[in-house]
Amino acid sequence: MRRTLSADAMRLAIPALSLTILLAAVFWLQPRAMSYVGLNLLFNLAVPIALATIAQMLIMSVNDLDLSMGTFVSFVACVTATFLREAPLVGMLILFGVVVVYAGLGVVIHLRNLPSIVVSLGMSFVWAGLAVLLLPAPGGQAPDWVRALMTMKPPVAPMAIVASILIAIVAHFVVMRSSLGVLIRGVGGNQRSVERAGWSVVGARAAAYGLAGVFAVLAGVALVGLTTSADANIALRYTLLSIAGVILGGGEFIGGRVSPIGAVIGALTLTLAGSFLSFLRISPDWQIGAQGAILIIVLALRLLLNRLEKREKRR
Amino acid sequence: MRLLDRISRRPWIWSWFAAFLAWFATIVTGGASTLGLSQAALTFAAFSIIVGIGQMFVITLGPGNIDLSVPSTMTLAGTVALKLMDVDNAMILPGLMIAVLIGIAVGVFNYALIKALRIPPIIATLSMSFIIQSAAIWTNRGLRIKPPSVLADFTTATTLGVPNVSLVALVISVCAWFLLEKTIYGRWISAIGQSMPAARMAGIPVDGTRFVTYLFCAVLAALAGYLLACFSGGAALNMGTEYLLMSIAVVVLGGTAVAGGDSNVPGIWGASLFMFLVVSMLNTYGLGAGIRLIMTGLIIISVIMLAGGRQPGAR
C-alpha cells in the first residue's frame, strides 16, 4: 500500500491532513458549522485567496517570487468596483491590459535577467499608486453579475466549496496535465535543459506570468463580488497569504515543484485557521499570532512526515 | 580617466548619483531650502539605513534569505521600550536594553525555526512576524505613551547641524562596514551567499554565521524601532509597515546583489537618501499620493534595469 503512494500524492497528503484536522476541530468546537450555511461562512473568503495563491504558485514554479500580489489584487478590485460596473467594455480592456503587462514583466525579467523580487517590489508601488488614483477613498460597487456569481447557492455544496474545487481542477489541468504546464515547471526545474531541448524559455516565462495575471485578476473580481465595494488597501495581506498558501500546500521556492491542488488546500487551511481561532475564543489580539503558530505547526508536521518517509525508504 | 572608470564600476555610486540628482532637482525646481531638505533627508533616511543594514546582511546570505519580521520587530521593540520607560528619563538605558533583548529573542526564534524545522527563511520570518505583531497588539492596547523627554529631544535635535539619529546610523554603518570588509565574519557571510555547499566544504561554521546574521538583523530592527518610536513621539502599531518593502528596496538599489554574496554599506546610504528625496521632490511638485507611488515604483524598476542583469540565475 505504502509503496504505491507516489511522491506527488505524498506531497498532497500532508496539506490535506492538516485541513481535515483543522476542519474536525472546528466542527467539534461548533457543531452548527457543519451545515450548508456554516460551511459557506467558514470558507467564503477562501475563494479570492485560493485564486491569488494559484497565481503566486505559477510565478513560483518558474523560480520567481511576486511581492506585488497584494497590491495587484487590490488594484483589480478597484477596477472591478468602478470601471467594470460603469463601463464594462473599458473595464474588460483594462483587465486584459494588465494581464498583458504581467506577461511583459515575465519577458523583461527573463531577457534582462532581473531579480523578480525587486521588479515585483517596484510594481507593487505602481499598482498601489494606480489603485489610489482610482479610489482615493473606499467606495465603488460590485457589478451585479459578479455579485450574483459569488452569492450563488448551488445545490449540495455551498458556492465557496464548489468554486474552490473548480479552481483546483482547472489549475491542476493547466499546470500538471497540459504541455504548457510541464514546460513552465521544467523552466523552474532546469532552465538550461529546457532551452537545449529547443523550447522557448522566454515564452514559457511569459506564459507563466500571463496565467498568473489571469488568476490574480480573477481573485480581485471574486473579492469584490464578496465585499461589494473596494478600497486601495483591500487585499494587501494577499502577498504574504499567497506565499504561505503555496508553501503550506507542499510547494517549494525553487525547482518548479508545485502542487495546484495543494495550493488551494493551503489557502483553505489559512482561511479556516482564522475561524478556528475565533471559535476557540482566543482574544482578538492573538489571532494573527495564532495564525503564524498554525503555519509553523503544519510545517513542522511536514518535516516529521518527510523524515518518516525517508526512514521507510531506507529499510 | 582611469579614476572615473574605477568609480563608475562601484555599484554604490549610482544610488549616490541618483540621490544627488533628486536633491538638486528638489532645491532648484521645487524651491526647497538647502539646509532644511538635507536635514530632513538625513533624519528620515537614518531609520531605513539602520533597518536596511540588517536586511543587507541577511540578503547577503544568499537566495531565499530575507527577514520579513523586520516591521513587527520594530513595532514590538518600540512599544515595549516606551511602556517600560514610561516617560521616566532614568529608565532610558533599561528601555534600550529591553529593545535589544527583544531583538535578540526574535533573532533566536527566527533562526530556530529555520534550522530546527527547516522552514524556508521567508516563511519562518513571516510566521514569526505574525506572532510578534500579536504580541505588539497585546502590549500596546491602543495606548500612546510619550517617550522620555531627554530621549525625545535627542532624537529630534541636531549636533553641529547634523541630525543625531543620522549620527547613530553613521556609527552603526561604520561598524557594519568594518564587520563586512575587515573581519573573518564578513568574509564568511559573503562565502555562504556565493555558495553554501562550498562554504561548508571550506570549513566555515555555516550555522553559527547564519545564526549571528539573523540575530544582528533583528537587533538592528529593534534598535530602529526604539529610535523611531522616540522620534515620532510614541509607538504606533503600524509604524513598521512601510519598512518591510523599504528595507528590501534600499538594499537592492544600493547595489547589493539580490542573489547574495556581494554587499556594500555606502550604497544603503545613497539608496535611503534617494528614496526619501524622491518622495519629497514629487511632493514639492504638488503631486498626489497616487502619482508619487507610481513614480517610486517606476524609478525602482528603471534603476534595477540599468544596474541589473549581472547575476545569472538570480531570482
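1. In chain B, helix H3 (residues 34-60) and helix H11 (residues 206-231) pack at an angle of about 170 degrees, and their axes lie 8 Å apart. H3(B) and H11(B) are therefore roughly antiparallel to each other (over 145 degrees counts as roughly antiparallel, under 35 as roughly parallel, 65 to 115 as roughly perpendicular and the rest as oblique). Axes are lines fitted to C-alpha atoms, for helices over the stretch in contact, and angles run from 0 to 180 degrees between N-to-C directions. Helices are DSSP runs of H or I with at least four residues, numbered from the N terminus.

2. This is a predicted model, in which local features need pLDDT of at least 70 and side-chain atom pairs count only at pLDDT 80 or more, while totals for chains, interfaces and linings use all residues. Residues are numbered from 1 along each chain as its sequence is written, and chains are lettered from A and ligands numbered from 1 in the order in which they are written.

3. The contact of H3(B) with H11(B) includes B:Phe47, B:Ile50 and B:Phe57 of H3(B) and B:Tyr214, B:Phe216 and B:Leu220 of H11(B). Contact requires C-beta atoms, placed from the backbone, within 7 Å. By class, this contact has 15 nonpolar, three polar and no charged residues (Ala, Val, Leu, Ile, Met, Phe, Trp, Tyr, Cys and Pro count as nonpolar, Asp, Glu, Lys and Arg as charged, and the others, Gly among them, as polar).

4. Between the chains, the contact takes 39 residues from chain A and 41 residues from chain B. On the side of chain A that touches chain B, H6(A) gives the largest share, 15 residues. That side has 27 nonpolar, nine polar and three charged residues.

5. In H12(A), 11 of the 11 residues are buried, so this helix is largely enclosed by the rest of the structure (buried means 20 or more other C-beta atoms within 10 Å of a residue's own, exposed 12 or fewer, and partly exposed in between, with C-beta atoms placed from the backbone). A:Gly250, whose phi is positive, near 95 degrees, follows H12(A).

6. A:Phe215 touches A:Leu51, A:Ile54, A:Ala55 and A:Leu58, leaving aside residues up to four places away in sequence.

Note on methods. Two residues are in contact if their C-beta atoms, placed from the backbone, lie within 7 Å. Helices (H or I, at least four residues) and strands (E, at least two) are DSSP runs, numbered from the N terminus.
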